[in-house]
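Take a look at the structure below.

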Amino acid sequence: MLNTAGLSLEQAPPISIPFRFFLLAPLFGIAAGALLLAVGEEALISRWSPVTLALTHLLTLGLLGLVMCGAMLQILPVIAGSPVPRVVLVGTLSHLLLVGGILVLQGGFFGLGAGLMELAIALLGSGFLVFVSGVSVALWRVRTPSPTIVGMRLAVAALVVTVVLGTLLAGGYAGLFRIAGLAGLTDTHLAWGLAGWIGLLLMSVSFQVVPMFQVTPEYPVWFRRRVPGALFVGLLLWLWLRYATLQLGWSPLWETLWSASIGALFALYAGITLRLQQRRKRRVVDVTLLFWRLAMVCLLLLSGALVAVMVWPDLGSNTRFPLFLGIVLLLGVALPAVNSMLYKIVPFLSWFHLQKRQLTLMCMSVPVPHMRQFVSDTAARRQYHAAWLALLSALLALIWPSLFARAAGGLFALSNLLLLGNLLRAMALYRSTAVALSRCGDDPNSH
Amino acid sequence: MSTITDTMARDHRRCDEIFSTAEEQVASADWDAASDVFNRFRQATEHHFSMEEDVLFPEFESRTGQTMGPTQMMRMEHIQMRQLFSDMERALTSRDRDGYLGLSETLMMIMQQHNMKEEQMLYPMTDQVIGTDADDVLKRMEGVENVA
């Protein structure tokens with residue numbers, strides 16, 4: 001049977017589904033910035049303090065997680081030709097459960113009340129269950145999966161591992177049960193969430209969107225076919241080495257060596273991406289390209305750090321080293337990449353839905369704004385600079401915490417405020433144009 | 001033997017290249033050159049559309065019996081892109097740099113998604129149903145008149 005499903009754009013979910021994820025995400029970014037602004041250097045002392053845990057999860061679950069989930073529901077019909085079944089139900093329900101869960105989890109970290117951690121586990125667990133079930137049906141229905149689909153499947157599997165481990169950790173935090181080797185389990189949770197879920201999703205989606213958005217050559221076939229799978233297997237092996245180091249007394253050298261080779265694969269990915277972008281046919285530099293470059297340069301830096309720790313093991317025992325990795329990975333790699341995608345997806349979806357409506361109603365008298373009218377280049381660049389400064393101050397705060405920690409918080413909140421403003425303006429223009437189109441549709445004289 | 005997929009994908013790349021040159025010239029406000037290159041881009045793309053609408057799509061439809069399926073969707077997207085061409089032409093005439101760049105970015109997005117759907121699904125499907133007649137179909141496609 002020929003698969004023609006993918007050619008139907010009617011399968012795209014209503015615009016309100018991805019938009020509700022995108023709009024709330026920057027609010028969590030603002031909250032994270034405000035928290036750092038309020039608490040200051042205390043947040044950067046250790047990765048185990050409640051403030052640091054709260055900050056991390058505002059960023060990973062609130063900001064990154066929501067955008068990634070919303071975007072995935074949106075793009076599956078386009079890049080996989082396979083829509084998420086009952087997408088309105090899946091989107092609405094997972095959105096509510098996840099947002100509720102993230103908020104309650106914050107209360108849990110700060111010990112604001114008994115039973116909050118348990119409630120957060122229930123909300124986040126069921127939210128991810130709904131999301132993963134919907135997305136999995138769509139992903140596993142694809143009969144001849146492209147490397148992007150294979151990579152997305154692996155990313156979703158990594159998400160499941162991350163959520164299960166997170167649930168265990170949260171249970172331990174709440175005192176539901178005792179966990180032996182909390183640090184080891186946390187590192188595993190981190191590795192699967194960051195390198196697995198975020199890393200694999202970013203990589204496999206970029207196989208499609210980098211050539212598409214910037215008109216670059218394709219990623220090499222061998223890379224697309226082999227690397228996502230190799231990384232996944234690499235993470236599984238790393239899990240075993242972690243266990244062997246902690247429980248069987250193996251030399252930690254093996255584990256360090258292995259994580260450096262995982263880092264090397266990501267460095268290779270970043271190198272290839274930068275090279276492809278250098279050879280792009282579309283020479284106009286837009287803000288989404290700037291965000292991508294920043295992300296890839298930071299990814300190289302991150303991989304470099306993993307190699308450096310192999311050469312100078314003392315670096316790894318410095319309490320600031322994990323914070324450095326976290327800042328570069330979240331503020332340097334993941335957020336800029338997600339930010340870049342938002343500035344393509346939101347204006348394009350707005351235009352796309354409106355133009356389709358215009359053609360259906362035959363209302364040529366109501367002009368549909370183009371992408372840069374939804375988000376202007378100037379406004380996007382302003383936010384890019386704020387995001388850049390926030391990253392820089394967060395890195396400086398590792399050296400001079402008292403001077404830069406609050407500044408980093410303030411700048412990060414500002415960057416997310418600007419992002420929220422840009423998204424809100426785009427949605428307001430979408431709404432006013434949609435209203436004008438329906439009015440014109442009702443009035444036969446205005447056609 | 002050439003395939004529809006290879007030939008048409010190559011033609012997509014050719015159109016992309018002319019598109020990018022025009023965009024770059026608008027970005028550097030080289031209006032006279034931009035207008036020439038834009039016209040070349042429009043002609044190349046209209047020729048591509050005609051090859052599909054006049055030969056390839058009818059061929060696909062008559063061999064599969066699907067007239068309301070993917071080809072209809074592709075025709076609809078051609079209409080969307082043609083509307084953007086007219087808007088871009090207007091922006092060129094009024095030397096509206098930001099307007100043109102906003103429109104060209106929009107066109108880029110729809111064009112790349114459109115091309116991806118054709119190259120990954122519609123063309124391979126067409127190659128499958130046309131089989132050994134591909135050379136003959138391609139010859140007829142190359143002969144279409146440019147309507148632009």
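How many salt bridges are there between chain B and chain A? The count is five. A salt bridge here is a side-chain nitrogen of Lys or Arg within 4 Å of a carboxyl oxygen of Asp or Glu. E17(B) forms one with K281(A), and the closest N and O atoms are 3.5 Å apart.

This is a predicted model, in which local features need pLDDT of at least 70 and side-chain atom pairs count only at pLDDT 80 or more, while totals for chains, interfaces and linings use all residues. Residues are numbered from 1 along each chain as its sequence is written, chains are lettered from A and ligands numbered from 1 in the order in which they are written, and side-chain values use heavy atoms, with hydrogens and water left out.

Now the chain contact as a whole. Contact means heavy atoms within 4.5 Å. Chain B brings 39 residues and chain A brings 30 residues. Together they bury about 3300 Å², with 66% of it on carbon and sulfur atoms. Buried area is the accessible area (1.4 Å probe) that two parts lose on being put together, summed over both.

Which helices of chain B supply at least two residues each to the side that touches chain A? They are α1 (4–27), α3 (70–93) and α4 (97–130). Helices are DSSP runs (H or I, at least four residues), numbered from the N terminus. The most comes from α4(B), with 20 residues. The residues on this side of chain B divide into 17 nonpolar, 13 polar and nine charged. Ala, Val, Leu, Ile, Met, Phe, Trp, Tyr, Cys and Pro count as nonpolar, Asp, Glu, Lys and Arg as charged, and the others, Gly among them, as polar.

Helix α11 (residues 320–361) of chain A packs with α3(B) at an angle of about 100°, their axes 11 Å apart. Axes are lines fitted to C-alpha atoms, for helices over the stretch in contact, and angles run from 0 to 180 degrees between N-to-C directions. Angles of 65 to 115 degrees count as roughly perpendicular, and those over 145 as roughly antiparallel. So α11(A) and α3(B) are roughly perpendicular to each other. Among the residues in contact are W351(A) and F352(A) of α11(A), and M76(B) and I79(B) of α3(B).

Finally, a pair inside chain A. The axes of α2 (residues 50–80) and α3 (residues 87–109) of chain A come within 10 Å and cross at roughly 175°. Therefore α2(A) and α3(A) are roughly antiparallel to each other. Their contact divides into 15 nonpolar, four polar and no charged residues.

Definitions and conventions: Parallel < 35°, antiparallel > 145°, perpendicular 65-115°, else oblique.
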